[in-house]
Amino acid sequence: MAPCALTVDSLNPKVLALVNHLGNAIARRAQCIQNEIETKPGSHPFDELIYCNLSNPQSMGQQPNKFFREVLALCDYPHLLERSETNSLFSSDAIARAQKILDLFPWRATGGYSHCQGTEGLRDVIAAGITSRDGFPCNAEDIFLTDGSAPPIHMMMHLLIRDEKDGILCPIPSHSLYTSSMVLQGATLVPYYLDESRGWGVRISDLKKQLDGARSKGVNLRGLVVINPGNPTGHVLVEDNQREIIEFCRKEGLVLLADEVYQENIYIADRKFKSFKKIARSMEFGEGDISLVSFHSVSNGYYGECGRRGGYMEVTGFNSEVKKQIYKVASLSSCSNISGQILMSLVMNPPTVEDESYTSYQAERNGILSTFSRCAEAMVCALNRLEGVTCCKAEGAMFVFPSVRLPKRAIAAAEEQNTGPDVFYALRLLENTGIVVVPGSVFGQVPGTWHFRCTILPKEEKIPLFISRFMAFHERFMEEYHD
């Protein structure tokens, strides 16, 4: 028998260079425990897991938005529009919206390919929604509809990174999507640390220090990633900080890559979401002043349609020749899925006050966001009462990211098991309480500090159970490993 031609050593070294997602060890152990709870009742000191590692709302019991699903159902099965009972089963504005959307497709069929940039009429709707949101015009030709936000991020990395001498400034902590994409492209990651003492804001002095240090080593800085609202930190940038970031990118000739997928999730009255494009235009910076790519997705926000894989990127500040190259790369994937395109258009153009669905739509939206806000506040208050734990207020997104000052004996115990202290803490938490979190090292953290990311998605009635289990565990843990 001929030997296998493919071995691990013969794979693309950039794939091998990817760091194993440390959160996977926690998730795998959680799955084993879940199986044991089901097959061997009483085998653990708890009878259910509390999943705080998943940013996947509908898998946690959140119901999909009624208006969105009505329109999708009618677009997927247009024959419903021909039936008399449809008028009593579906809202009038959902029917009208589905009719209008179906008119955009040949033969009113949503099963075919669209334009590789996305269906033109849907891009028009999204551009109008962005214009309404920002108060500045958006050109539909700048919109690329995508399967969520991950593909366009990978696409931009493809376009920006030429070799290992090219670098991207990336926040730490940040979603591993960015760091992993850079590794796959062979880019140099140039980290800048968010300032936890200032609510996870961006220090321009640190940006400048990191940029100058990288350039002194021969790295060509191509872009800067910013995530607002933040993942995993749950912060929302203040406008002055956004202005500083825009001015920094303009001055240094960097492409600003703005991840704005949690823009709907804001929990404090004095902090409103403002897109980086809105801020740039209010600073009177136009197309020729700064290159900006904004990302949005239906996976996040209050809608949580993760499995629908809908998203867009808005590309501004690039000349026509560069845009041709972006279009060329986009065309390699034929088109994004049509259901995701439709849903993205609905997110950016929801029911208005004169529509039949408006009242129920607002009730669903506000109910979800209010629940997130209450859960976040309860978690933050409880965590901040614990010895050695500090947690910034959750201003947006769907996460808290507390810091844990672990005793030296706990750190030594982790080293004996050849694991990181934050992973050690997260595993002990899981084994003792059934609470599943993600270690901070998955996202990056200042060396010598330890964090974990906890989503605010468990059912609200489970939050008291989360708090009581967590507090009891932490007190025992700190007593066991006190210095």
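User: Hi! Is Tyr 425 buried or exposed?
Analyst: Welcome! This is a predicted model, and in it Tyr 425 counts as buried, because its relative accessibility is 3%, under the 20% cut-off.

User: Which ring does Tyr 425 pair with, and how are the two arranged?
Analyst: Tyr 425 forms an aromatic pair with Phe 452, and the pair is stacked. The centres are 6.1 Å apart, with 20 degrees between the planes.

User: And where do those two sit?
Analyst: Tyr 425 is in helix α16 (residues 421-433), while Phe 452 belongs to strand β14 (residues 452-455). The pair therefore ties together parts that are 27 residues apart in sequence. Phe 452 is buried too, with a relative accessible area of 2%.

User: How many aromatic pairs are there in the whole structure?
Analyst: A search finds 17. Ring pairs also link Tyr 425 and Phe 452 into a cluster with Phe 424, Phe 466, Phe 470, Phe 473, Phe 477 and Tyr 481.

User: Nice. What about helix α17, how many residues does it have?
Analyst: Helix α17 covers residues 463-480, so to speak 18 residues. From first C-alpha to last it reaches 26 Å, close to the 26 Å expected.

User: Which of its residues are buried?
Analyst: Among them are Phe 466, Phe 470, Phe 473 and Phe 477, along with Arg 469 and His 474.

User: Switching topic: what does the side chain of Glu 252 make a polar contact with?
Analyst: The side chain of Arg 215, at 2.8 Å. Glu 252 lies in helix α10 (residues 239-252) and is buried, with a relative accessible area of 14%.

User: What else is Glu 252 in contact with, beyond its neighbours within four places in sequence?
Analyst: Besides Arg 215, Glu 252 is in contact with Lys 208 and Leu 211.

Conventions
Residues are numbered from 1 along each chain as its sequence is written. This is a predicted model: local features need pLDDT of at least 70, side-chain atom pairs count only at pLDDT 80 or more; totals for chains, interfaces and linings use all residues. Side-chain values use heavy atoms; hydrogens and water are left out. Helices (H or I, at least four residues) and strands (E, at least two) are DSSP runs, numbered from the N terminus. The expected span of a helix is 1.5 Å times one less than its number of residues. Buried means under 20% relative accessible area, exposed over 50%, partly exposed in between (1.4 Å probe, protein chains only). A polar contact is a pair of N or O atoms within 3.5 Å; within protein, one must be able to donate a hydrogen and the other to accept it, and residues adjacent in sequence count only if both atoms are side-chain atoms. Contact means heavy atoms within 4.5 Å. Rings of Phe, Tyr and Trp (its six-membered ring) pair if their centres lie within 6.5 Å; planes under 30 degrees apart count as stacked, over 60 as edge-to-face and the rest as tilted.
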